[in-house]
Amino acid sequence: MNTTVPVGAVYAPDSELDWSESLVAGTVVLDERVASNGPWSAVVRQGEVLTIVDVGGNQSADCIMYNAENTDERYSVPDTLAWQANAYVRTGTVLRSNEGRPLMTVVANEIDRQDTIGGACSKESNTLRYGHHVMYHHGCRENFLAEASRHGMGARDLVSNLNWFMNVPVEADGALGIVDGMSGPGKRVAIRAEMDVLVIVSNCPQMNNPCNDFNPTPLRMIVVTPDA
Ligand SMILES: [Zn+2]
């Protein structure tokens, strides 16, 4: 059988894993591990800081954020990029909603740049790109749907997302690439909630292109109330 999916879509036993710690000092209010390929969500209260740890390196953490009190207000890629007049997410980037308001701010970041243009994978896009033999392999959209359903949301509530730790360079001619990541085991990003924010993450299960280095690995999510 011809397949682009490596046997056993579980991270390799010899993978280097670095669980790291919160990037910002504070009192821990949540500390969870996200299995490779799986979804996750939590409400991060205003002022709290979420650290996402790329435990195995080169793992895309696809992410959508919502106003926890009114999920009609949600993350907006064009608002975020237009306000800062830059295509990349870096320390200082304000992640804005479809109403232009700050949802979260990147307060620390251990890789050069984060992507919010490349979008999320799905079983439909995988089937178009890679063939029918991958149609039963779930993608980030399926993770988003499963996790959003726990908060009373469905397909209409999924919007363009942010990809923590994914490397999507914008070339000089404007072309986009999805290439091997710049991250590594234990690399982190820290984002502060500017209102109560529902954060939904898909630990990307993609095995057909290099966005996860063909080895999906776990994530660690740590929420702290920062030290004053
Ligand atoms: Zn994905």
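Helices (H or I, at least four residues) and strands (E, at least two) are DSSP runs, numbered from the N terminus. By this definition the protein has three helices and ten strands. The model is predicted: local features need pLDDT of at least 70, side-chain atom pairs count only at pLDDT 80 or more, and totals for chains, interfaces and linings use all residues. Residues are numbered from 1 along each chain as its sequence is written.

Along the sequence, the elements follow the pattern β-β-β-β-α-β-β-α-α-β-β-β-β. The C-alpha trace spans about 55 × 40 × 35 Å along its principal axes. The radius of gyration, taken over C-alpha atoms, was compared with a globule rule of 2.2 Å times the number of residues to the power 0.38. For 228 residues, a compact globule would have a value near 17 Å, and the protein agrees with 17 Å.

A residue is buried if 20 or more other C-beta atoms lie within 10 Å of its own, exposed if 12 or fewer, and partly exposed in between; C-beta atoms are placed from the backbone. Of the 228 residues, 43% count as buried. Two residues are in contact if their C-beta atoms, placed from the backbone, lie within 7 Å. Among contacts with a separation of 6 or more, 76% join residues 24 or more positions apart.

Strands of a sheet pair through backbone hydrogen bonds, either parallel or antiparallel. Here, two strands pair if DSSP finds at least two bridges between them. An open sheet of six strands runs in the order β1-β10-β3-β8-β6-β5, with antiparallel pairing. Strands β1 (26-34) and β5 (94-96) stand at its edges. Each has a single partner strand, so one side of each is left without a neighbour in the sheet. From one strand to the next, the twist averages 25°. This angle is taken between axes, which are lines fitted to C-alpha atoms, for helices over the stretch in contact; angles run from 0 to 180 degrees between N-to-C directions. Strand β5 pairs with β6 (residues 102-109) in the antiparallel sense, over three bridges. Arg 96 has Pro 102 of β6 as its bridge partner.

A nonpolar core is a set of buried Ala, Val, Leu, Ile, Met, Phe, Trp, Tyr and Cys residues joined through C-beta atoms within 7 Å. The largest one has 47 residues. Leu 50, Ile 52, Cys 63, Met 65, Val 197 and Val 199 have the most contacts inside it. Beyond residues up to four places away in sequence, Val 199 touches Ser 41, Ala 42, Val 44, Leu 50, Cys 63 and Met 65.

Two loop residues were then examined. Phe 165 lies between β7 (162-164) and β8 (187-193). Phe 165 is buried, because 28 other C-beta atoms lie within 10 Å. Phe 165 and Ile 52 are 113 residues apart in sequence, but 9.6 Å apart in space, C-alpha to C-alpha. Val 159 is in the loop between α3 (140-149) and β7. Val 159 counts as partly exposed, because it has 15 C-beta neighbours inside 10 Å. Not counting residues up to four places away in sequence, Val 159 touches Ile 64, Arg 74 and Tyr 75.

Most residues other than glycine have a negative phi. Ser 20, in the segment before β1, has a positive phi of about 50° although it is not a glycine. Phe 214, in the loop between β9 (197-203) and β10 (219-226), also has a positive phi, of about 55°. Phe 214 is partly exposed, with 17 other C-beta atoms within 10 Å.
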